[in-house]
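This report describes a protein chain from its overall form down to individual residues. The sequence and structure are shown first.

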Amino acid sequence: MAQEAADLLIRNGTVIDPANGIEARLDVAVDGGRIEAVAPDLSGLPARQSIDARGALVCPGLIDLHVHVYEWVTNFGVNADDAGVNAGCTTIVDQGSAGAWTFGGFKAYVIDRSRTDVRSFVSVNLAGALKGGMRGDILHNPRMVDIEDLVRVAAQHPRLIRGFKCHGESGAISHWGTEVLEAAVRAADRAGLPLYCHTGELFPVVEANRPVAEQVLPRVVPVLRPGDTLAHVYSSMPDGIMGAGDAVPDIVGQALRKGLHFDVGYGINFSFDIARRMMAAGVLPNTISSDIHGDFGSYHDDSKLDYSLCGAMTRMLALGMPLGEVIRRVTANPAAILRDADIGSLSAGTLADITILDRLEGDWLLRDGRGEGLLATERLVPRLVVRAGEVIKPSLRYLPDLLPMPRAA
Ligand SMILES: [Zn+2]
């Protein structure tokens, strides 16, 4: 009797699966939307569809832990599939665009209509981040936090809501000290979920009450719990994780010893200079994410977007992080934060979410948020995405930093 055919065979690629310690030329078989096998030669296996991945990397589907995709509702939200499968990511995690009162719309109009696996860290305020960071003094006021509502919405959507989003920066501290952060911790404790905490000045600051920049993180870190994540690890903001000094501040070591994670949250403030100095001191991110969003100051405007998840991965590679470590930080590590063993690896039986990446060789100049240049000798660009077994050709519309391409209005 003939062997039953698999749905899909991906042949001859270099498989990088950090969760399983694999970095080798292997074939991958997919059937029924799940990984069937990963082995040196599956050419004898009949398959309905076959992909030749020669010269490419075959990775677990990329997970972008920080995106903003509540399109049309927040002024800075972008399209979920453009940030997701069309940019090489099978799972994306919206950080705080929806709050407890607005999550229903996020599920109905974004999550349920996207091919990408969209998850949410719900904002600790009821409305979510409707208007960039600029109205944070209103939206993120302690009176807008409702722990009961947060716990309720998280319990209603356990697969989709994987944590809560909060902020540890000068604006919030100048208004309310750590009151909102403490409420976030109480909600997260009760819901049994992790927090993702923004760093770097974002909300309007009460100038009479402006905290000394170096004293912001020392107020935030003690409030957070092991397993919580601090965002924007290589940000150039003076009240950010590195701060404005030359040496890595003591609070960084305290945060690491406490078991906090650092995320890249690439966004608009990433600094090559700070990344180099912190990497030299051994301060590495646990995850690499994009923080992709439209222009905070206008409405539904992506014309200034000049970064991407693959762009952030390419920059980390150019800064000296080994390829396997880069891939680990967009697969196994974010999957662990999402506490989802069905994604983030190519283990047999798990969801067939796969990203096939080309390594484009040749000199390429990358910029950071300060306009500093960095010469990369290769770029990681998605060739194909497999999402729950379905093969998708990514449009690459949101890879402005890696591909010279005309962009639709
Ligand atoms: Zn963000």
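## Arginine 119

The model discussed here is predicted. Arginine 119 lies in strand β8, which covers residues 117–123. Arginine 119 has 22 C-beta neighbours inside 10 Å, and it therefore counts as buried, the cut-off being 20 or more.

Leaving out residues up to four places away in sequence, arginine 119 touches Thr91, Val93, Leu160, Arg162 and Leu338. Valine 78 is 41 residues from arginine 119 along the chain, and the C-alpha atoms of the two are separated by 15 Å.

## Overall form

The protein chain contains 12 helices and 15 strands. Along the principal axes, its C-alpha atoms fill a box of roughly 75 × 45 × 45 Å.

Of the 409 residues, 55% count as buried. Contacts between residues at least 6 apart in sequence were also examined: 77% of them join residues at least 24 apart.

In soluble globular proteins, nonpolar side chains tend to be buried together. In this model, the largest nonpolar core has 120 residues, and Val28 and Phe164 are those with the most contacts inside it. Helix α6, residues 179–191, gives the most to this core, contributing seven residues. The core draws at least three residues from domain 1 (6–59 + 346–392) and at least three from domain 2 (62–337).

What does valine 28 contact, apart from its neighbours within four places in sequence? The contacts of valine 28 are Ile10, Val15, Ile35, Val38, Val58, Leu346 and Ile354.

Aspartate 291 is found in the loop between α9 (272–280) and α10 (309–318). Although aspartate 291 is not a glycine, its phi is positive, at about 55 degrees. Is this residue, aspartate 291, buried or exposed? Aspartate 291 is buried, because 24 other C-beta atoms lie within 10 Å and the cut-off is 20 or more.

Histidine 300 is found in the loop between α9 and α10. Phi of histidine 300 is near 50 degrees, again a positive value in a residue other than glycine. Histidine 300 has 14 other C-beta atoms within 10 Å and is therefore partly exposed, since this class lies between the limits of 12 or fewer for exposed and 20 or more for buried.

Technical notes
Residues numbered from 1 in each chain as written. Predicted model: local features only at pLDDT ≥ 70, side-chain atom pairs only at ≥ 80, totals over all residues. Helix = DSSP H or I, 4+ residues; strand = E, 2+ residues; numbered from the N terminus. Contact = placed C-beta atoms within 7 Å. Core = buried A, V, L, I, M, F, W, Y, C linked by C-beta atoms within 7 Å. Domains from an automatic or database assignment.
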